[in-house]
Amino acid sequence: MKRILYYDCFAGISGDMNLGALVDLGVEAGHLQRELEKLNIEGFRLEVERDIRKGISGTKVTVVVDHPENEKPRHLHHIEELIHKSSLSLEIKEKALSIFNRVAEAEARVHNIPLEKVHFHEVGALDSIADIVGAAICQEALKVDEIHASPVQLGGGFIKCAHGLMPVPAPATAEILEGLPVKSGLVDYEATTPTGAAILAATVDRFTERMKYTIAKTGYGIGQRDGEIPNVLRVYLAEAEESTDSDVLVEEAVMLECNLDDMSPERYTHVMDLLFSAGAAEVFIVPVVMKKSRPGHLLCVLCSRDLADAMKELLFTETPGIGLREQVVLKHMLKREMVAIPTRYGDVEVKRSYLNGRVVNEKPEFEHCRILAREHGVPLDEVVKEVMKQLYG
């Protein structure tokens, strides 16, 4: 059984909410405090208390900075030096530095400056150092095999930051979460902070809404706000069955489907080419009988979640369809590799698929065989037979 830490970010995530949730899940507050002391810096302390939001009780962790007037901006190298000189474990150091680097890289892109010239106010502050290093400490203390998370709620409205009044998400948050699944608009404030976003981006192995686990324990981290939506971060400690298919990759994808009964068949090739060019993993057409016994076609598109909007736009603009269906699916894909097989006509690429370490399928690349057949003036089957002869004798 695999031990899983699952972040349910339905109301967002911040550094202090993360600490509260992981302490509520079972990390001892005393252990967290003792580990943070290994940074050998003074000026902050943890306040750990029980609190409640909309009937949900949990743990609230507040990093209290005793002398905020002594706080000053720090560059990334200052933080790296601080962590390297500490007596924290190597695993905690590496994870904390990975989180800090996520924020630094985002700030460098936002301001178009080299990484070494980034100087942080918010993330260089003592409370954020405690939040990020504390996240690494707590995650390591839970001794999980994998970390999973739901899509991240960003919130809405505007925030005041170093760049002025900006719409949610903050520029750094948007950069950090680039390529990851997000939601917005649940609340009219910043639900996910740059620190919270960086913790997820640097440590989560998989983002998914489909949980196939046995939940062992649930924890709640209480946030600073109290509105209509409970300002909490929910985390689960769970167990999942180990996969016996070591060569099977599982990932989420989106399946789009639309019924078409008034499109000229000759246009399907054009639409399919556009969808594939835009990044679709698969496009296929199925004959169907529609209402009033009209013959039609079901056009299906499989793509990654981040490409779904682009695919929908193509379907609506390049077909007469006025509606479609969308669902999140799981793709199970065998491990594969391309190998060059020498033949008397030249090298032919062969795709090999593996399951549990053994080859279960070998297939010559059709286009490569076709090119060689044309070059040598022989039937296509001759090239294919030559490849199979080399493979199986």
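I found Thr-203 at 8% relative accessibility, so it counts as buried (buried is under 20% relative accessible area, exposed over 50%, partly exposed in between, with a 1.4 Å probe and protein chains only). I am working on a predicted model, where local features need pLDDT of at least 70, side-chain atom pairs count only at pLDDT 80 or more, and totals for chains, interfaces and linings use all residues. Residues are numbered from 1 along each chain as its sequence is written, and side-chain values use heavy atoms, with hydrogens and water left out.

I placed Thr-203 in helix α7, residues 194–203 (helices are DSSP runs of H or I, at least four residues, numbered from the N terminus). A polar atom of the Thr-203 side chain lies 2.6 Å from the backbone oxygen of Ile-199. Leaving aside neighbours within four places in sequence, I listed Lys-95, Ile-99, Gln-139 and Ile-147 as its contacts (heavy atoms within 4.5 Å).

I checked α1, residues 15–25: 11 of the 11 residues are buried, so α1 is largely enclosed by the rest of the structure. Among them are Asp-16, Asn-18 and Asp-24. Just after α1, I noted that Gly-26 takes a positive phi of about 140 degrees.

I saw the axes of α10 (residues 366–376) and α11 (residues 380–392) come within 8 Å and cross at roughly 120 degrees (axes are lines fitted to C-alpha atoms over the stretch in contact, and angles run from 0 to 180 degrees between N-to-C directions). The contact includes Phe-366 and Leu-372 of α10 and Val-383 of α11.

Conventions: Helices (H or I, at least four residues) and strands (E, at least two) are DSSP runs, numbered from the N terminus. A polar contact is a pair of N or O atoms within 3.5 Å; within protein, one must be able to donate a hydrogen and the other to accept it, and residues adjacent in sequence count only if both atoms are side-chain atoms.
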